[in-house]
Structures are given as structure tokens and as C-alpha cells.
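Subject: Structure handover

Hello,

Here is the structure you are taking over. Please open it before you read the notes below.

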Number of protein chains: 2
Amino acid sequence: MPARGDHEQHRRDIVRIAGDLIAEGGLAAATHRRIAEASGASTTVVSHYFHDKRDLVMATYRQVGERVAERLQVAADSPHPLRPTLDALLPLDRQRVRDWRVLFAFLGPAATDVDLTAEERVRLRAARARVRSALAVEVAAGCLPAGTDADAVARGLLAVVLGTGMQALFDPSQWSRRRIDAVVGRALADTGLDHCSG
Amino acid sequence: MPARGDHEQHRRDIVRIAGDLIAEGGLAAATHRRIAEASGASTTVVSHYFHDKRDLVMATYRQVGERVAERLQVAADSPHPLRPTLDALLPLDRQRVRDWRVLFAFLGPAATDVDLTAEERVRLRAARARVRSALAVEVAAGCLPAGTDADAVARGLLAVVLGTGMQALFDPSQWSRRRIDAVVGRALADTGLDHCSG
């Protein structure tokens, strides 16, 4: 039996490969056989790390959630965290497009599976709390009006980010980086942030 | 064999029942057996109307698309079509929540199935064109500034609507009708529409 650290690392590697397959071909694509092929391992090895398909698929969903949470943490550490927080949630590069595709694969099940609905709700609330905190930092720095209703503005900005990402995912030719930036920039300007973003 | 009109009506009824099952339990719930149970028909009758599961499921997806298109048409016929157009796309009542849930069940497959991706892209573009047209009507009526960049504003408003609906679907207790209205109302006010919405 491998050392604990190795076990965790192998499991993470397999989950990452499963995520790549899901991003490409949906939940049905993450079979033990295809994961084994892509990882150069045997299906027995894959089975060793996961009880069943649901265990593997849930681990993929959690791994993407952790990646998003890490990006949001990096953004929160910025002195001007609002724009970086929104950018952390947008499909602006290959890695974030990949994660959006994985998350989309789960949206159907998440809308009807009680556990997944609860998990998705927690994630959306966490993202909204991050946007709210970033707004509070910008208000404290004098970059947003003191009377900003952080909860209401956070709801609107998160909606813009999610709705833009959703359109961009299905229609990349209509949603260049420049166009995404323009929509998000306009929403930020409406909050009054442009007075202090330089 | 029933008359052509009866055939179409029966098919539509079965598709509606399939949609209700998908809204409740996801794509996996739309089995011939469960549709037969819910419709009081036999599985043979259900099979008579659809070649296979994919045929049935695609018909459900198309039916929801038609329902959304009809709502958008009604909104477009309004003398002040902007707000009604956005409302047509929001999960503001039981019927629209049901349709959002059906559409969410398809988002995963739609992100990875080439035909469904193309279909989803067409729908998103059509919705954006409706918002753009509604903006043009409001500009012509003097209810929005003449210099309004209808394409850019339409992208942003559609993003707000999609992102609000997505949050509301997973977290209804945090997204009352009042809160949804407030987020959309704020986005509309940012366009300058509030000067003429009375």
C-alpha cells in the first residue's frame, strides 16, 4: 500500500483526469476505462481509489469547487479585490473554461439531486459573500460610494458574471475576452467603481 | 391510427409529461415506464409516438424552447417591451421555474453534445436579439437615451437575467420575487430606463 501522501496525490491526479474527460464529453465520459487509458493506469488501480462512479464524480465536483475557492482567495488578497473577484469567476482562460464546463455538466443533476442542490447553493452563497466582502473593501478604501448597498450590488454583479459565463460558454465566437471585459466593466462602472480603479 | 391532429396533440401531451418528470427528477426520470404511468397510457403507446429516448428527450427540449419563444413574442408585442422581455426569461412563476429546471437538465449535455451546443447557441442569440429589439423600441419611444449601445446593453441585461435565474433556481429562499425584481430593476435603472417606465 502506498504512503498516505502518495495515495492522496494519486487520487487527486485521477480526479483531475476525470474532470478533463467530463469537460470534454460530459458526465458519461468519466468511465473507469477511459480514466485508466488517460492516466496510463489499470482500471483496477482506478477502482482502488474510488468506491464507485458516484464517489469519483463527486470528487471531481469537489475538486473544481476547491479550484474556484482558491482563485477567489487569491483575488480577496488583492488590495483592490472587486474586479479580480469577478474575474476569478469568469471563463477567461483555458483552465477556467474547463472548470465552467465541468460545473455545467453538474448543473442538471444539481437541480434535481438534493445533496447536489444543497452543495451548489452553498457555493453560490460563498461566491456572493466574496463579492460582498470585496465591495466592502472598496468602500473602505474610498473607491465606492459609502452608501453602497453591498448585498444588492453583489447579487447583481454575481448575476452578470454567471450570465456572461453561460453565454460565453455556448457562444465563444460572440464572446471574446474584450466583449466579456466590456460587459463586466460596464456593470462595475454602474456601481461607481470606475472613479477609483486606476 | 388516429387522425393527424390527434396524433400531434397526443405527442405534445406526452412531451409535456416528460418535461414535468425531467423538471422534477432530471433527464434520467423521463423513462417510458414513468411517462406511461403519469399519462395513464401504456408504454407501447408512448413508444408509438417516439423512436427512442433521444427523440423523446429532444422533443421535450424543443417544447420548452417554444414556450420561451412564445413568452418572448407576447413581451415583444407590448408597447414598452423591455421589462416584459426580461420577465419572460426569469423564473418568476411555477411554469417558468419548471421550464428553467428542464433547461438546466439539458445544460450539461448541451455543453458537450455538438447538436445541442448549436441549438443552445441559437436560443441564446435569439433571446439577446429580443432584448436588443426591445431596447430599440424604448429608444424610439424616447424612454432610453438615443445613444444607447443596444448590443452592449442587451448582453449585460441578458447576463443579469440568466445569472439571477441561476441563483434563484438553487436558492429560492434567498431569491424572493421582490429580490429578483430589485436586481433586474437596478440593472434597468442603470440603462436610464427608469426615467420613462411609469
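The notes below go through the contact between the chains, then the salt bridges, then some helices and single residues.

Please keep in mind that this is a predicted model.

The contact between the chains

The size of an interface is often given as the accessible area lost when the parts come together. Here the area buried between chain B and chain A is about 3,500 Å². Carbon and sulfur atoms give 62% of that area.

Ten residue pairs are in polar contact across the interface of chain B and chain A, counting pairs with both residues at pLDDT 80 or more.

One joins B:Asp171 to A:Arg125, with the closest N and O atoms 2.7 Å apart. In the other, B:Arg125 pairs with A:Asp171, and the closest N and O atoms are 2.7 Å apart. This pair crosses from helix α7 of chain B, where B:Arg125 sits, to the loop between α8 (150-170) and α9 (177-191) of chain A, which holds A:Asp171. Are the two partners buried or partly exposed? B:Arg125 has a relative accessible area of 36%, so it is partly exposed. A:Asp171 has a relative accessibility of 3% and therefore counts as buried.

Another residue to look at here is A:Thr117, in helix α7 (residues 114-140) of chain A. Leaving out residues up to four places away in sequence, A:Thr117 touches A:Ala110, A:Ala111, A:Thr112 and B:Phe170. Its relative accessibility is 16%, and the cut-off for buried is under 20%, so A:Thr117 counts as buried.

Salt bridges within chain A

Over all chains, the structure holds 34 salt bridges. One of them is between the side chains of A:Arg67 and A:Asp99, at 2.9 Å from N to O. This pair links distant parts of the chain: A:Arg67 is in helix α4 (residues 53-76) of chain A and A:Asp99 is in helix α6 (residues 94-112) of chain A, 32 residues apart. Both A:Arg67 and A:Asp99 are buried. They also belong to a network of salt bridges that links A:Asp20, A:Arg67, A:Arg71, A:Arg98 and A:Asp99.

A further salt bridge joins A:Arg177 and A:Asp181, whose closest N and O atoms are 3.3 Å apart. A:Arg177 and A:Asp181 both lie in helix α9 of chain A, four residues apart, which is about one turn of the helix. A:Arg177 is partly exposed, with a relative accessible area of 45%. A:Asp181 is partly exposed too, with a relative accessible area of 24%.

How many of the eight residues of helix α5 (residues 82-89) of chain B are buried? Six are, so the helix is largely enclosed by the rest of the structure. The buried residues are B:Leu82, B:Thr85, B:Leu86, B:Asp87, B:Ala88 and B:Leu89. What covers them includes α4 (53-76), α6 (94-112), α7 (114-140), α8 (150-170) and α9 (177-191) of chain B.

One of those covering helices, α4(B), has 24 residues. At 1.5 Å a residue α4(B) should span 34 Å, and its end C-alpha atoms are 35 Å apart, which agrees. The N-terminal end of α4(B) is capped by B:Asp52, which has a side-chain oxygen 3.2 Å from the backbone nitrogen of B:Arg54.

A buried loop residue

The last item is A:Ala30, in the loop between α1 (4-25) and α2 (32-39) of chain A. Is A:Ala30 buried or exposed? A:Ala30 is buried, with a relative accessible area of 0%. Apart from neighbours within four places in sequence, A:Ala30 is in contact with A:Ala18, A:Ile22, A:Ile35, A:Lys53 and A:Leu56. The C-alpha atoms of A:Ala30 and A:Asp151 are separated by 38 Å, and these residues are 121 residues apart along the chain.

Regards

Notes:
Residues are numbered from 1 along each chain as its sequence is written. Chains are lettered from A and ligands numbered from 1 in the order in which they are written. This is a predicted model: local features need pLDDT of at least 70, side-chain atom pairs count only at pLDDT 80 or more; totals for chains, interfaces and linings use all residues. Side-chain values use heavy atoms; hydrogens and water are left out. Buried means under 20% relative accessible area, exposed over 50%, partly exposed in between (1.4 Å probe, protein chains only). Helices (H or I, at least four residues) and strands (E, at least two) are DSSP runs, numbered from the N terminus. Contact means heavy atoms within 4.5 Å. Buried area is the accessible area (1.4 Å probe) that two parts lose on being put together, summed over both. A salt bridge is a side-chain nitrogen of Lys or Arg within 4 Å of a carboxyl oxygen of Asp or Glu. A polar contact is a pair of N or O atoms within 3.5 Å; within protein, one must be able to donate a hydrogen and the other to accept it, and residues adjacent in sequence count only if both atoms are side-chain atoms. The expected span of a helix is 1.5 Å times one less than its number of residues.
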